[in-house]
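Me: Please examine the following structure with me, and let us proceed by question and answer.

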Amino acid sequence: MLKEKNKFNFIKFCLSKDLQNFLNQYPADFGEGSFAKGIPATEANHRIIDMIAKVIPLRRRYRGASKPWYSRPVSFVHRRWADTIALYPKN
């Protein structure tokens, strides 16, 4: 676990201060594979995540509930219908 935590600290260290502050608003629990989760799926946040992705390779996982007009599969939510975003480092 300690090795994993150091990796996420390094990821945040490589970013500018404003991007670090953005990620600090959405921390992941200790021991999880993600380094940020619960990020609201807004266009402004998508642009910020695009800037982060230019510095560190990451995977985006979209999270959300089914909507009356969108019945999602069990383990997948399309970006268009997502409520939040989780960020994982690419291996």
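Me: Is Asp 50 buried, partly exposed or exposed?

Reply: This is a predicted model, in which local features need pLDDT of at least 70 and side-chain atom pairs count only at pLDDT 80 or more, while totals for chains, interfaces and linings use all residues. Residues are numbered from 1 along each chain as its sequence is written, and side-chain values use heavy atoms, with hydrogens and water left out. Buried means under 20% relative accessible area and exposed over 50%, with partly exposed in between (1.4 Å probe, protein chains only). With a relative accessibility of 35%, Asp 50 is partly exposed.

Me: Which residue forms a salt bridge with Asp 50?

Reply: A salt bridge is a side-chain nitrogen of Lys or Arg within 4 Å of a carboxyl oxygen of Asp or Glu. For Asp 50, the closest N and O atoms are 2.9 Å apart, and the partner is Arg 60. Asp 50 belongs to helix α3 and Arg 60 to strand β2, so the pair ties together parts that are ten residues apart in sequence.

Me: Which residues are linked with Lys 37 in a network of salt bridges?

Reply: Lys 37 meets Glu 32 at 2.8 Å, N to O, and its closest N and O atoms with Asp 29 are 3.6 Å apart. Relative accessible area is 31% for Lys 37 and 48% for Asp 29, and Glu 32 has a relative accessibility of 24%. The residues linked with Lys 37 are Asp 29 and Glu 32.

Me: What is the order of the strands in the open sheet?

Reply: Helices (H or I, at least four residues) and strands (E, at least two) are DSSP runs numbered from the N terminus, and two strands pair if DSSP finds at least two bridges between them. The edge strands, each pairing on one side only, are β1 (36-40) and β2 (58-63). Strand β3 (residues 84-89) pairs with β2 in the antiparallel sense over six bridges, and Arg 63 stands opposite Thr 84 in β3. The three strands pair in antiparallel fashion, in the order β1-β3-β2.

Me: At what angle does helix α3 run to β2?

Reply: Axes are lines fitted to C-alpha atoms, for helices over the stretch in contact (heavy atoms within 4.5 Å). Angles run from 0 to 180 degrees between N-to-C directions. Helix α3 (residues 43-55) lies across β1, β2 and β3, and its angle to β2 is about 155°.
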